[in-house]
Amino acid sequence: MSKNLLLRAVFGFIYVALIWFATLYDPYVFIGIFVALCGLGIWELSRLLKFENKLFLLATVAVAGYILWVYGSRFYYGTAQYTLHLEHVLPVALFLVALVLIFKRPMELAYDSSKIIFINVYLVLPFALTFALLRKFEIDNFQVLNPVFFTFILIWVSDTFAYIIGRIFGTKKLSAISEKKTVEGLIGGMFFTIVAGVILHFNFPGVRGNWMIIAALVAFAAPIGDLAESKLKRVFGVKDSGNIIPGHGGILDRLDSYLVTIVVVYFYFLFA
């Protein structure tokens, strides 16, 4: 095993252990770790987007703090009960606009005024909506398995098998955005994600949601999240979002699939 592969495996394990601890130990820890991850993500994304105006950057952090405080406090006190209503659908609509901006009009992000809105919609809102996924029972009994942890399992399955199948069988490039992605890897990742969803659904019936349906949604959403960040890095001429995780790059490189997936899963629970 090469040194780089060993380093990647070790820090990959640490990252998985951190998410496990954050999502299953205690609500205070959950909020603290996810706010910290969001803060690191803001730092990385502001550097990636070449945010130059310090006053605008300060405004970005202030807005992000307010969004996280609103959703985090509702989560902790068990008042984050979301239904299919305009105010709850609006964050999803805004996030879709951010994705369209990435793929269709990325140069709009050349303006610092645009970056304030973009960072908060593309990065901060998904972290905030993470708190909205959980209900009062799951908050009061935080040590039980919950939808946030299950969502991460499906994302990891998608990323892992897309990489493995792509490396072994991949011949046809998926997109010019990311040369390492292959059609075979995409199909393999989607297939095993759905298989994982079936396993979760029938072996953990106490966890809220139909995990076969959620797995199918994750199978489509995770690759889009990966491509969205790849597009941003290509437009702004950056190889990795950062270097905080040896062998993996930055926080955004690890959470790119999560940003899109958690919004899609949240939208599913509005209907469910």
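Predicted model: local features only at pLDDT ≥ 70, side-chain atom pairs only at ≥ 80, totals over all residues.
Reader: Which hand does the crossing of α4 and α5 have?
Author: The crossing of α4 past α5 is left-handed.

Reader: What makes up the contact of α4 with α5, by class?
Author: From α4, the residues Pro-91, Leu-94, Phe-95, Ala-98, Leu-101 and Ile-102 meet Phe-118, Val-121, Tyr-122, Leu-125, Pro-126 and Leu-129 of α5. By class that contact has twelve nonpolar, no polar and no charged residues. Tyr and Pro count as nonpolar here.

Reader: Why is α7 called oblique to α9?
Author: Helix α7 (residues 147–169) and helix α9 (residues 211–235) have axes that come within 9 Å and cross at roughly 50°. Roughly parallel needs an angle under 35 degrees, and roughly perpendicular starts at 65. The value lies between these limits, which makes α7 oblique to α9. The crossing of α7 and α9 is right-handed.

Reader: Which residues of α7 and α9 meet?
Author: Pro-147, Phe-150, Thr-151, Leu-154, Ile-155 and Ser-158 of α7 meet Trp-211, Ile-214, Ala-215, Val-218, Ala-222 and Pro-223 of α9. The classes come to ten nonpolar, two polar and no charged residues. Thr-151 and Ser-158 are in the polar class.

Reader: How do you know that Ile-251 counts as buried?
Author: Buried means under 20% relative accessible area. Ile-251 has 7% relative accessibility, so Ile-251 counts as buried. Its place is in helix α10 (residues 251–271). The C-alpha atoms of Ile-251 and Phe-11 are separated by 12 Å, although the two residues are 240 residues apart along the chain.

Reader: How many helices and strands does the protein have?
Author: There are ten helices and two strands. In order from the N terminus, the elements run α-α-α-α-α-α-α-β-β-α-α-α.

Reader: What makes the protein as compact as a globular protein of that length?
Author: The globule rule gives 19 Å for 272 residues, and the radius of gyration is 18 Å, close to that value, so the protein is as compact as a globular protein of that length. The C-alpha trace spans about 45 × 45 × 35 Å along its principal axes. Buried residues make up 49% of the 272 residues.

Methods. Residues numbered from 1 in each chain as written. Heavy atoms only, no water. Axes fitted to C-alpha atoms, helices over the stretch in contact; angles between N-to-C directions. Helix = DSSP H or I, 4+ residues; strand = E, 2+ residues; numbered from the N terminus. Parallel < 35°, antiparallel > 145°, perpendicular 65-115°, else oblique. Left-handed = near helix turned anticlockwise from the far one by under 90°. Contact = heavy atoms within 4.5 Å. Rg over C-alpha atoms; globule rule 2.2 N^0.38 Å. Buried < 20%, exposed > 50% of the residue type's maximum accessible area, 1.4 Å probe, protein only.
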